[in-house]
Amino acid sequence: MKAFWSRIARELSPYVPGEQPRIANLVKLNTNESPLGPSPLALEAMRAAAVDTLRLYPDPEAQELREALAVHHGIKPEQVFVGNGSDEVLAHAFVALLKQPKPLLFPDVTYSFYPVWAQLFGLACETVPLDDEMRVRVEDYRREAGSIVIANPNAPTGVALPRAEIARLLEDHPDIPVVIDEAYVDFGGESAVPLIADHPNLLVVQTMSKSRALAGLRVGYALGGVGLIEALHRVKNSFNSYPLGRLAQAGATASVHDDAYFRESCARVVAGREAMTRELIRLGFVVLPSSANFVFARHPARGGPEFAAALREHAVLVRHFNKPRTAPYLRITVGTEDDVRRLIAAAVLILGHE
Ligand SMILES: Cc1ncc(COP(=O)(O)O)c(C=O)c1O
């Protein structure tokens, strides 16, 4: 079967996304999706876009969406790049910016797609250990590097660095590209976007999959100096001219315009996270301080794989990463109030609590 595979295909270790099983009545807390729906205005815009013009290719530059994002973030449209989910935007950044003669640095515990892209695109990379409390320490990045990527808040820990720490990292590395992946920033992190004006080497990547509840639409974007954005366009236009269809552009643009809905949904997810954290702590879990739409938690009385499997028996799906530092932990997405009730009820049964 593998006779026709290229050497690249044979040697890859692909990223494994969280399960999307078809189990009835499942509590699905394994892929950091939003428990709330997208903006009604976004849904309406997509319905309105589902017309005869679908026979025509979409705007390859997604001008309207880039203008809306530029206004939202207080920068110029030429400083915005959009793509098919932030995964695609990050993949382009690996090729366009992060691939340098010297190695790419990223934390030892972080988004597990980074090493996959490094392998696919042939980047040398080095991991920098988190500290004992699973925090990124920017002083540990003071070493020879060709480029840096950091998720902030980090995944799967949910732990965030203040903007001042990102500024220190940029001051230490003015001459290499630095990508800050802010997939979860809207749930309480401090965005690095205000640092773009003074740092032409900074690219900030965000997504509509989490805080805008549009994971199914696949829209992500990057913000940065025009030089960095131009490099992304060069790679994109060497790969796929139309990464965002008409429906995606219409829905994403309307979502950006509906700021009130966006703010309210983020606030609701944050309140849900705080409530879920309190319940987990009450059951004896150790929960890392999260600024994301999930928590990273371990229970001293049960191993991570065992707990994840036991929850699955109760139709509650959480994510478990079976690597040495992450093995004791469960990554649990903030669900609806009902999801959280069912999670806690299952955990009580598993732990044999009253
Ligand atoms: C840290 C991080 N970055 C990027 C992504 C990709 O998100 P998307 O491709 O849906 O925009 C994820 C998804 O889980 C993530 O956790």
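In which helix is His 233 found?

1. The model under review is predicted. His 233 is found in helix 7, which covers residues 226–236. With a relative accessibility of 15%, His 233 counts as buried, because the limit for that class is under 20%. Once neighbours within four places in sequence are set aside, His 233 is in contact with Glu 61, Arg 66, Val 80 and Phe 81.

2. Thr 53 lies in the loop that runs between helix 2 (40–49) and helix 3 (63–73). Its relative accessibility is 32%, so Thr 53 counts as partly exposed, whereas His 233 is buried.

3. In soluble globular proteins, nonpolar side chains tend to be buried together. The largest nonpolar core in this model has 50 residues, and Leu 65 and Met 208 are the members with the most contacts inside it. A second, separate core consists of 33 residues, including Leu 280, Phe 294, Phe 307 and Val 334.

4. Not counting residues up to four places away in sequence, Met 208 touches Leu 65, Leu 69, Ala 213, Leu 214, Ala 215, Val 219, Tyr 221, Ala 252 and Val 256.

5. Ile 8 belongs to helix 1, residues 7–11. Its relative accessibility of 53% is over the 50% limit, and therefore Ile 8 counts as exposed.

6. A search of the whole structure finds 19 salt bridges. One of them joins the side chains of Glu 144 and Lys 102, with an N to O distance of 3.1 Å. Glu 144 sits in the loop between strand 4 (125–128) and strand 5 (147–151), while Lys 102 sits in the loop between helix 4 (85–98) and strand 3 (104–107); the pair therefore ties together parts that are 42 residues apart in sequence. Glu 144 counts as exposed at 56% relative accessibility, and Lys 102 counts as partly exposed at 40%.

7. A further salt bridge is formed by Arg 302 and Glu 306, whose closest N and O atoms are 3.5 Å apart. Arg 302 has a relative accessibility of 24% and counts as partly exposed. Glu 306 is likewise partly exposed, with a relative accessible area of 47%.

8. Some salt bridges share partners: Arg 137, Glu 139, Asp 140, Glu 165 and Arg 168 are joined in this way into one network. Within it, the side chains of Arg 137 and Asp 140 meet at 3.1 Å, N to O. Arg 137 is partly exposed, its relative accessible area being 35%. Asp 140 also counts as partly exposed, at 26% relative accessibility.

Technical notes: Residues numbered from 1 in each chain as written. Predicted model: local features only at pLDDT ≥ 70, side-chain atom pairs only at ≥ 80, totals over all residues. Heavy atoms only, no water. Helix = DSSP H or I, 4+ residues; strand = E, 2+ residues; numbered from the N terminus. Buried < 20%, exposed > 50% of the residue type's maximum accessible area, 1.4 Å probe, protein only. Core = buried A, V, L, I, M, F, W, Y, C linked by side-chain atoms within 4.5 Å. Contact = heavy atoms within 4.5 Å. Salt bridge = Lys/Arg side-chain N within 4 Å of Asp/Glu carboxyl O.
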